[in-house]
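Here's a quick tour for anyone new to reading protein models. Have a look at the sequence and the structure first, then read on.

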Amino acid sequence: MSIPPPSSAPTSTVDLAHEATDLRMATFRLARRLRAQRAIDSMSDGQFAVLANLHVHGPHTLGELADRERVSAPSMNRTVNFLEELGYLTRTPDGVDRRKVNIALSDEGRSVVVETTRRRDSWLEHALEDLTPAERETLAAAAAIMQGMADR
């Protein structure tokens, strides 16, 4: 795979639209390939996202999880109920406000996140092995740029 050098010519609106389409399609295709690398095949992306969110950010209330994942509280409640039934998370009353319930990962849920992350990193590491050092350097720079775009 060869990545063309950047051009110094001005970019037209048509070129920019084409570049945006290519980037979107490549990003979605790579994301789909990474999502396929999971510890539990039957778990949906949304369910895994809840576990990963709790792994990274710690316990949340149902409303906080719903806000973070940009879904309705009833939808999040269904997801949390399902994950709780499988033993991947726990609910405990808040120590300060007994009306609140904190949702946290169980040890089994943590294991799912760690194993899925390991599989995804391993898949990507093997894919990177096939690239030249220059291509890997380009991807590292692109990753930083994409992170900046996502943070806007």
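The model here is predicted, so local features need pLDDT of at least 70 and side-chain atom pairs count only at pLDDT 80 or more, while totals for chains, interfaces and linings use all residues. Residues are numbered from 1 along each chain as its sequence is written, and side-chain values use heavy atoms, with hydrogens and water left out.

Now for the helices (DSSP runs of H or I, at least four residues; strands are E, at least two). α2 and α4 pack at about 80 degrees, their axes 10 Å apart, and are therefore roughly perpendicular. Here's who makes the contact (heavy atoms within 4.5 Å):

| Helix | Residues | Contact residues |
|---|---|---|
| α2 | 45–57 | Gln47, Val50 and Leu51 |
| α4 | 73–85 | Met76, Thr79, Phe82 and Leu83 |

Leaving aside neighbours within four places in sequence, Leu83 is also in contact with Met43, Tyr88 and Leu89, among others.

What about His60? His60 sits in the loop between α2 and α3. At 6% relative accessibility, His60 counts as buried (under 20% relative accessible area; exposed is over 50%, partly exposed in between, with a 1.4 Å probe and protein chains only). A polar atom of the His60 side chain lies 2.7 Å from the backbone oxygen of Gly58. Not counting residues up to four places away in sequence, His60 touches several residues, including Asn53, Leu54 and Ile103.

Notes:
Axes are lines fitted to C-alpha atoms, for helices over the stretch in contact, and angles run from 0 to 180 degrees between N-to-C directions. Angles under 35 degrees count as roughly parallel, over 145 as roughly antiparallel, 65 to 115 as roughly perpendicular and the rest as oblique. A polar contact is a pair of N or O atoms within 3.5 Å; within protein, one must be able to donate a hydrogen and the other to accept it, and residues adjacent in sequence count only if both atoms are side-chain atoms.
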